[in-house]
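Subject: Model handover and findings

Hello,

Here is the model for your set-up work. Please look it over first; my notes follow below.

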Amino acid sequence: MVSEKMAKALNDQLNYEIYSAYVYASMSSWLKSKNLNGFANWMEIQTKEEMDHASMFYHFLHDAGANVEFDAIPKPKVAWESPKEVFENALEHERGVTRRVNELMDLALAEKDHATNARLQWFITEQLEEEANVLSILQQLELLEGAQPGALFMIDRELGQRTYNPPAAAAGT
Ligand code: FEO
């Protein structure tokens, strides 16, 4: 069992993960509209991963005897100036998610809630990876400034190689 306070905080995060999926779906759509199909592919996979994260909270809450409530999801931003701005926003977004996951862990520790703590360990590690991946693409885009336009398409080709690998834990228990 998780406390009511912990369940509410985890339920909020479940909804925030769905919002994250919305944010990345919107980015993917904008990139696709610019014919940057590799970038769009990367964001489409990111969208699926966010839904996996939501699913992990969903299963955990049910396993822990709590209920799940779905909230209205705010409309995400729909247009950007450049792929670089997209990835700047993505990095900002992931840093926000990391802060939220850390706050959830603070609460689990304060409540000596070991089950939630164990579940959140996965998210703590995942956030390190999420931030590193987005930062590395952003740094490539920053290096492009002043470079030949063809360089953007090289990154686009590279991002088109990303494949979707759902985490085993997303399947629930
Ligand atoms: Fe669910 Fe990108 O963090």
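A word on terms: helices (H or I, at least four residues) and strands (E, at least two) are DSSP runs, numbered from the N terminus. On that basis, the elements of the protein chain run α-α-α-α-α from the N terminus on. That is five helices and zero strands.

This is a predicted model: local features need pLDDT of at least 70, side-chain atom pairs count only at pLDDT 80 or more, and totals for chains, interfaces and linings use all residues. Residues are numbered from 1 along each chain as its sequence is written, and side-chain values use heavy atoms, with hydrogens and water left out.

Overall shape

The radius of gyration of the protein chain is 17 Å, close to the 16 Å that the globule rule gives for 173 residues, so the chain is as compact as a globular protein of that length. The radius is taken over C-alpha atoms, and the rule is 2.2 Å times the number of residues to the power 0.38. Along its principal axes the C-alpha trace spans about 55 × 25 × 25 Å.

Buried residues make up 46% of the 173. Buried means under 20% relative accessible area, exposed over 50%, and partly exposed in between (1.4 Å probe, protein chains only). A contact means heavy atoms within 4.5 Å. Among contacts between residues at least 6 apart in sequence, 82% join residues at least 24 apart.

Cores

The largest nonpolar core has 24 residues. Such a core is a set of buried Ala, Val, Leu, Ile, Met, Phe, Trp, Tyr and Cys residues joined through side-chain atoms within 4.5 Å. Met 27, Leu 31, Phe 39, Met 43, Val 86, Phe 87 and Leu 141 have the most contacts inside this core. Helices α1, α2, α3, α4 and α5 (150–159) each supply at least two of its residues. The most come from α1, which gives five.

Take Leu 31. Leaving aside neighbours within four places in sequence, Leu 31 touches Leu 36, Phe 39, Ala 40, Met 43, Pro 83 and Val 86. Apart from this core lies another, of 23 residues, among them Ala 9, Leu 10, Ala 54 and Val 101.

Ser 20

Ser 20 sits in helix α1. Its relative accessibility is 0%, so Ser 20 counts as buried. Beyond neighbours within four places in sequence, Ser 20 is in contact with Glu 50, His 93 and Val 97.

Loops

Two residues to check. Asn 35 has phi near 65°, a positive value in a residue other than glycine. Asn 35 lies in the loop between α1 (4–33) and α2 (37–63). Asn 35 is exposed, because its relative accessibility is 53%.

Lys 112 has phi near 50°, again positive and not in a glycine. Its loop joins α3 (83–110) and α4 (114–143). At 66% relative accessibility, Lys 112 counts as exposed.

Pocket

The largest pocket has a volume of about 250 Å³. A pocket is an open set of points on a 1 Å grid over the protein atoms alone, where a 1.4 Å probe fits, with protein on both sides within 12 Å along at least five of seven lines; lining residues have an atom within 4 Å of a point. The volume is the space filled by probe spheres set on the points, which are joined across faces, edges and corners.

The lining has 15 residues, of which Glu 4, Ala 7, Lys 8, Ala 66 and Asn 67 lie nearest the centre. By class, six are nonpolar, four polar and five charged. Here Ala, Val, Leu, Ile, Met, Phe, Trp, Tyr, Cys and Pro count as nonpolar, Asp, Glu, Lys and Arg as charged, and the others, Gly among them, as polar.

Best wishes
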